[in-house]
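Q: I have a model open and some questions about it. Can we go through them one by one?

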Amino acid sequence: MAEPLTVLGIETSCDETAAAVVSADPHPRIRANLIHAQLAEHAPYGGVVPEIAARAHLDHIDGLIERALAEAGIGLDRIDGIAAAAGPGLIGGLIVGTMAAKGIAWGARKPFIAVNHLEAHALTVRLSDGVDFPYLLLLVSGGHSQLLVCAGVGHYRQLGTTRDDAAGEAFDKTAKLLGLGYPGGPAIEQAAQGGNPARFALPRPLKGRSGCDFSFSGLKTAVQQMIADRPPRNPTDISDLAAAVELAICDTLIDRTANAVAWFRRHHPDGTSLVAAGGVAANARLRHRLAALAEAAGLAFVAPPPALCTDNGAMIAWAGLERLRLGLTDGLDAPVRPRWPLDGNVMAQTETAAR
Ligand code: KG4
Ligand code: ZN
C-alpha cells in the first residue's frame, strides 16, 4: 500500500509557536499538534509585543518541531512536504517560521509550501469535518473578519470584510477596558456566564444595512464611554457588561452573515454548508447562533473544534497538504508577506479573464 501523504506544518505568525504533522491516508489524520502559547511572555504588556514574539518563536521552534516528529513517530525522510505560514502576520515571527521550514526542506530535499494563514483557517473544516467546496465561510480572528465563498483551494471570493477592527480585536480591546486580560475573547466569554446582557445598551454597527461588511470600533468607543461615566464596581457589573459585549458582537456577526447566507443560497445552490473559522469561532454563543441561522436557511453549520479554531500547527500542515497534492509548492526564495489578502489570486484571475 502506498505511504500516506504527510506534511509538517509550522505556525509563527502571531503569538503562538506551533508545529504539527498531518497525514491524508486518505482520510485526514492529525498525528501530532504541539503549541506553545506565549501568554506569559506578553502578559506584562497587555498585548502582543512583536519583538518579544519573534524571539520567543526562535526559542521554541526547534524543540517543538523535534517533539512533533517524535510524537508522530515519523522521520523527515517520510515527510512529503514542509509547510509554514508565510503571512499575513508579524514579520519577525513569519521569518522565524519560514526560515526554519526552508532550512529543513533544503536539508531533507523536500518541497516547501508557503501557506497563507487565512487560507489555513479557511480549509481547517476540511481537515476536521471533510466539508466539500463550495461553502460559505465566516472567518473571524484577532486580525480579520471576513465573509468568503470558498470555491476550491486557492479560490476565494470575499463578500465582506471589516471597515475597522476585527471581531477578535473588539473582544480583546473591550476585555482590556474591563480589566479582563488577554486574550479577550475567552475572558469575555467566561465573565459573561450568568451575566445580564440587557442591562447595558451597546450599538450594533451596520445592523440592518445591506451588504456583508462589518464595523466594530463604535462598540469599543461605547464601552469606553460607559466605563468612564459609570465605572463597574463589582463582579456583577463586569459580568453584565461582558455579556452585553458578547451579545453585541454576536448580533453584528449574525446580521452580516445572514445577508451573506441569502447571497450564497442564490448564487451557489450547490453549496450546502455555512462554516465558521478563526479564534472567535471558538465562542459557544456565536456557534449556537450560527447553527440556528444555517438551519433556518437549509444549510449545515460546521465549525472545527475550538482548539482548531484558534491558531495551531495542524491547520498549516493541512493547508500545505491540500496545496501539495495539487502540485502547488513554492521555491526557497518565496517571500514572507505581512499583508496577504486571501482573494488576491481570484481577483487576479478575474482581471485576466476580463481582459
Ligand atoms: O485565529 P486566532 O487564534 O489568531 C489570529 O489569527 O488572529 O484568533 C485570536 C482571536 C483573539 O482576538 C481572541 O480574543 C479570539 O480569537 N478568541 C475568542 C475566543 N477564543 C479566542 N473570541 C471569542 N470567544 C472565544 N472563546
Ligand atoms: Zn489565526
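Q: Is R109 buried or exposed?
A: R109 is exposed, with a relative accessible area of 74%. Buried means under 20% relative accessible area, exposed over 50%, and partly exposed in between, using a 1.4 Å probe and protein chains only.

Q: What kind of model is this, and how is it numbered?
A: This is a predicted model, where local features need pLDDT of at least 70, side-chain atom pairs count only at pLDDT 80 or more, and totals for chains, interfaces and linings use all residues. Residues are numbered from 1 along each chain as its sequence is written, chains are lettered from A and ligands numbered from 1 in the order in which they are written, and side-chain values use heavy atoms, with hydrogens and water left out.

Q: Back to R109. What is its phi?
A: Phi of R109 is near 55°, a positive value in a residue other than glycine. Most residues other than glycine have a negative phi.

Q: Where does R109 sit?
A: R109 is in the loop between α3 (91–108) and β5 (112–116). Helices (H or I, at least four residues) and strands (E, at least two) are DSSP runs, numbered from the N terminus.

Q: And L206, buried or exposed?
A: L206 counts as buried, at 12% relative accessibility. Its phi is positive too, near 70°.

Q: New topic. Which residues coordinate the zinc ion?
A: H117 (NE2), H121 (NE2) and D311 (OD) coordinate the zinc ion (ligand 2), at 2.0 to 2.1 Å. Donors are N, O and S atoms within 2.8 Å of the metal (3.2 Å for Na, K and Ca); water is not among the atoms, so sites may look incomplete.

Q: Where are H121 and D311?
A: H121 lies in helix α4, and D311 in the loop between α10 (306–309) and α11 (313–324), so the pair ties together parts that are 190 residues apart in sequence. Both H121 and D311 are buried.

Q: What about ligand 1? How many residues surround it?
A: 21 residues surround ligand 1, with G142, D172, G185, E189 and D311 the closest. A residue is near a molecule or strand if one of its heavy atoms lies within 4 Å of it.

Q: Which helix gives the most to that shell?
A: α6 does, with 4 residues.

Q: Last one. What is the peptide bond from Y182 to P183 like, cis or trans?
A: That bond is cis, with omega near -5°. P183 is in the loop between α5 and α6. Most peptide bonds are trans.
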